[in-house]
Amino acid sequence: MSMHAFTEEEFQTRHLGPNESETMEMLEVIGAESLDALIDETIPANIRIRTPIQLPDPISEDRYLQRLNEMSKQNKVFKSYIGMGYSDCITPPVVLRNILENPGWYTQYTPYQAEISQGRLEALLNFQTMIIDLTKMDVSNASLLDEGTAAAEAMIMLRGIVGRNREQARKFFVSDTCLPQTIDVLRTRAYPLGIELVVGSHENTPLDPSFFGAILQYPSQDGGIHDYREFIKSAHDVGALVVVAADLLSLILLTPPGDFGADVVVGSSQRFGVPLGFGGPHAAYLATKSEFIRQMPGRIIGVSIDAGGNRAYRMMLQTREQHIRREKATSNICTAQALLAIMAGMYAVYHGPDGLTRIARNVRACTAALERGLKRLGYEQLNGIFFDTLKVKVRSTDKIHSLAEAARMNFRYIDAHHVGVSLDETTRPEDVLAILDVFAQAVNHQPNTDGMNELFGALNLDYQEPFARKSEFLTHPVFNTYHSETELLRYMKSLENRDLSLVHSMIPLGSCTMKLNATAELVPISWREFANIHPFVPANQINGYMEVFKDLEQYLCKITGLSAASLQPNSGAQGEYTGLMVIRAYHMDRGEGHRNVALIPSSAHGTNPASAVMAGCRAVVVKCDDKGNIDVDDLKARAQEHGKNLAALMVTYPSTHGVFEERIQEICAIVHMHGGQVYMDGANLNAQVGLTSPAIIGGDVCHINLHKTFSIPHGGGGPGMGPICVAKHLAPYLPGHPVTKTGGSKAIHAVASAPWGSASILVISHAYIAMLGASGVTAATKFAILNANYLKSRLESHYPVLYEGKTGRVAHEFILDTRPFKQLANVEVEDIGKRLMDYGFHAPTVSFPVPGTLMIEPTESESKSELDRFVDALIMIRKEIQEIADGQADANDNVLKNAPHTAQETTSDQWNHQYSRSKAAFPTPRLRFNKFWPPVGRINSSYGDRNIMCSCPPIESYTEQTTEAIG
């Protein structure tokens, strides 16, 4: 009897959509002999990788999780009292399980299709309302990447506002009370824009009209609380505007910045229920006065109405997503931190104003009790007024350090004679006693013998004028209703049910790569060894994280063919910016700082020219030809014209038109010949991995969207990660950090607040690559190309395909031209996108990169049956268009113009359309058994922009809408 050969299931079989028989059927439709033959017909032979990339062998999900668990145990989870903008907190389990760990939330895309995004839009509106209430400002955006980035965005925003009338005002004052990582990010962002930072004391730095703005920290980075009213008045007197970086929890008890004159308030919402995660991801915020709303960076959720007059939410003032303005942008923000903002908002919904007050007073009480105990031990505490942080003068920090480490505690060691101790929501009275024991031992005192009552008795927790908060907050019913777990669970589920995500159907967004986010990849981010680590703990406590980072950097370098990596950029756009800043540092180091021209193809994503402008470059557009390729003659002319000042070419490969350009190596060589560097946008890396690489095509730096190619979920608009890989000559300039050593020997300043960006989600991409291995990641690329070409082959007889390669193949995405339908039947591309909702699908990318078109990217994870269902829907819609053209359907009252159709409308007693309810809601038989109902009809965008409301509607409007619905 022969022995059974033991084999493990490969993760690849779970990740890829089509099985073997389906693959053969699809290849027959495409007209390709084999999958390898299809790849040969798609990717130019001169840029192909001919040997497997050097990655570890594939590993099963179970084996990987065992291995990662062993690695995680190398991280030491101490009690961290470091502060510096990061605080441990308690994530309500109901939020952890039903938001963070729920694919119904984390697999959503950015809510561009608002009709099927109403749940997360409402949740983000809750977040905005929370920020507005706590800061006492007029408007808030729906999150930014981190506090340092928010501060930088505020600085640039104020420069734009003040600079319109005072171009000569180019100085920005930065108080030395600000967090060191924030100051470093400000340095990064200020320099290329010609902004002069003046760092100093707000108490003795005189301002004059050469200053356009200033930033203050509240409470300060060492925990002290200052009265900033006089400084803000002096700034306003010289025409400067003021940013206050504020701790949200402290604003429960402290006078909010809006009440003492701030023009902009920024900060992090991390301590509102979002795990530390070794630095991220966390949702930052930016709030300001209503008069500045059109200059705000990022996304703002607003209230509008749908076609039936019902309340509906949408992203308002769309042009404020500044990257849409390309080279005229004042921000390159694209990805935000939607999922984390939703968590923070739900934390406030769950606790309400009373619960948050209890938490804030507990933190305040523990800190006051700690100060009392320290004084009894003979220590001097230097913060006269404080919330959660004490600055303690000591003989030497060395002894405190060793004793704290032995007690598994981390403090902030400010210098040789000062220790910072920051408490948080997780701190209990017994923790206070344990901290006091460490300080007692350091001065040879006996461990603390004071009882709890001695320390906590008769504490005065109320602030005096002008620091005591007087204004109410979170008075809206949403923050005062869902305090039992049952009620909150049902509320969150009701929102989830209003959103279409990958749990319902494929999301075929071109340039977005909405692939499988495997559960095994996401499970570890909630493990305490990854979730509960402060970003500034000592190096000997993070060996597990360091092993993950080392592996991931090596994986990404092998995949791209480049030499070194930085994991710090915490979004794709930040990766673009970082790559350009590294290039500029390289040129400056060579005495060629005048090189500031970035050549950018007209087909590029809007963040490319926006990032170029933010990096101090001048964007010069290069034409594309009729086939969607870069016009090489125009490129030569532009490179020749700007040769002495050429910094870089920004190129996406394969192009955003969905083709592998045959002359890409020649294009890169032209740029190099004129002294420029080649920056490759990694948005389409999912069509390269294992088959070609940025290095082969001639790239010097490449940013990588881990939330696309390497499976980090999009989270409804973030988080994302955009690490960069660089060639050897650029490695010395990789970004550093002021607190933790990272980057190259000639590092640029930090581009994110945390040394490794949103560190905890890097584990997801590590898992993706490790489980698939070299063969698996290569297969993923092949199947992404297979699926796209299958869709093209089935659809091209119904819709014109705009661009294809010389063999008739497309890359991993392609563009359908819907512009002819405007003349044929007065049908716009938007009508097709909205009608797809009735079929249960999210629209492909609308009007990018070509207006009036649909860009489709199916990814490798979708099965043939799902691809066929999508194709069938588009074919049915094409027939519906023809019905209009043939006069069988009314030109105005038809299923496309009125899409999407809601359950409320379809089941109403009145039906005034010339087509049937069945045709509206159930155009295919399958939908009668499995239907996602759009919760609102088509949204009136202009109404929302004319009637701006970006916080929760007043309770009266809920009553009015209910009455209207009943009536």
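**View 1. Strand β7 pairs with β8 in the antiparallel sense over five bridges.** In this predicted model, the pairing joins β7 to a strand made up of residues 284–288, and one of the facing pairs places G267 opposite Y285 of β8. Strand β6, residues 241–246, also pairs with β7, but here the two strands run parallel and are joined by three bridges; V243 stands opposite V264 of β7. Strand β7 itself comprises residues 264–268, and five of its five residues are buried. The cover extends to both faces of the strand, with V264, V266 and S268 buried on one side and V265 and G267 buried on the other.

**View 2. Helix α11, residues 338–376, is bent at G352.** Whereas a straight helix of 39 residues would span 57 Å at 1.5 Å a residue, α11 spans only 46 Å between its end C-alpha atoms. The helix is mostly covered, as 30 of its 39 residues are buried. After α11 comes G378, a residue whose phi is positive, near 95°.

**View 3. Cysteines C366 and C557 are shown with the closest cysteine sulfur to each.** A search of the whole structure finds zero disulfides, a disulfide being a pair of cysteine sulfur atoms within 2.5 Å. For C366, the closest cysteine sulfur belongs to C89 and lies 16 Å away, so the two are too far apart for a bond. C366 is buried, having a relative accessible area of 4%. The sulfur of C557 has its closest cysteine sulfur in C725, at 4.3 Å, and this separation too is too far for a bond. C557 is likewise buried, with a relative accessible area of 12%.

**View 4. Helix α26, residues 829–838, is mostly covered.** Nine of its 10 residues are buried, namely V829, D831, I832, G833, K834, R835, L836, M837 and D838. These buried residues pack against several elements: the helices α25 (820–825), α27 (864–885) and α29 (917–921), together with the strands β23 (845–846) and β24 (853–856). Following α26 is G840, whose phi is positive, near 90°.

Definitions and conventions: Residues numbered from 1 in each chain as written. Predicted model: local features only at pLDDT ≥ 70, side-chain atom pairs only at ≥ 80, totals over all residues. Heavy atoms only, no water. Buried < 20%, exposed > 50% of the residue type's maximum accessible area, 1.4 Å probe, protein only. Helix = DSSP H or I, 4+ residues; strand = E, 2+ residues; numbered from the N terminus. Pairing = 2+ DSSP bridges. Contact = heavy atoms within 4.5 Å. Expected span 1.5 Å × (residues − 1). Bend = angle between axes of the 7 residues up to and from the residue.
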